Amino acid sequence: MKTAKGSEGIWLTDPAGRTLYLNTKDKKTASNCYDKCAKEWPPLTTTKPVTVTGKYTVPSSVGTITRTDGAKQVTYGGHPLYYYKGDTAPNEIKGQGVDGKWFLIGPIANIMNGSKP
């Protein structure tokens, strides 16, 4: 994983630049996105070790959880990570704020929901 920068700030992407999101309805170490949800928001899964690079990232924050189908889903800061099927090009952020629960994830595992600390 790496970072991208744009109007929303700095967020995580996969190595190809596809934006990654988190679901605020997930519980740490558990995904709530299956079936229809997972078609709209495909999970970032892996069979190999995952690393993160880029400004402000915390490599020790990368992990995985096991989904109900046995796939290993990548987490960052405990948040399961997803793509949005509406993003069709690198660094697109069309999923930002969808349904008030899907948001970009920042390099320090922060939820980028527009709130100021």
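This text walks through the predicted model, from its overall build to a few side-chain details. Local features need pLDDT of at least 70, side-chain atom pairs count only at pLDDT 80 or more, and totals for chains, interfaces and linings use all residues. Residues are numbered from 1 along each chain as its sequence is written, and side-chain values use heavy atoms, with hydrogens and water left out.

Start with the build. The protein has one helix and nine strands. Both are DSSP runs numbered from the N terminus: helices are H or I with at least four residues, strands E with at least two. Their order from the N terminus is β-β-β-α-β-β-β-β-β-β. The radius of gyration is 13 Å, close to the 13 Å of the globule rule for 117 residues, so the protein is as compact as a globular protein of that length. That radius is taken over C-alpha atoms, and the rule is 2.2 Å times the number of residues to the power 0.38. Along the principal axes, the C-alpha atoms fill a box of roughly 35 × 30 × 30 Å.

Next, the interior. Of the 117 residues, 42% are buried. Buried means under 20% relative accessible area, exposed over 50%, and partly exposed in between, with a 1.4 Å probe and protein chains only.

Now the rings. The structure holds five aromatic pairs. Rings of Phe, Tyr and Trp (its six-membered ring) pair if their centres lie within 6.5 Å; planes under 30 degrees apart are stacked, over 60 edge-to-face, the rest tilted. Tyr21 and Trp41 pair edge-to-face, 5.4 Å centre to centre with 80° between the planes. Tyr21 lies in strand S3 (residues 21–23) and Trp41 in the loop between helix H1 (36–40) and strand S4 (45–46), so the pair ties together parts 20 residues apart in sequence. Both Tyr21 and Trp41 are buried. With Tyr82, Tyr84 and Trp102, they form one aromatic cluster.

Charges meet rings too. The charged end of Arg18 sits over the ring of Tyr83, 3.9 Å from its centre. Arg67 lies over the face of Tyr34, at 4.2 Å from the ring centre. The test asks for NZ of Lys or CZ of Arg within 6 Å of the ring centre and within 35 degrees of the ring normal.

Last, the sulfur link. Cys33 and Cys37 form a disulfide, with sulfur atoms 2.0 Å apart; the cut-off is 2.5 Å. Their link is left-handed, at -105° about the S-S bond. Cys33 is buried at 0% relative accessibility, whereas Cys37 is partly exposed at 23%.
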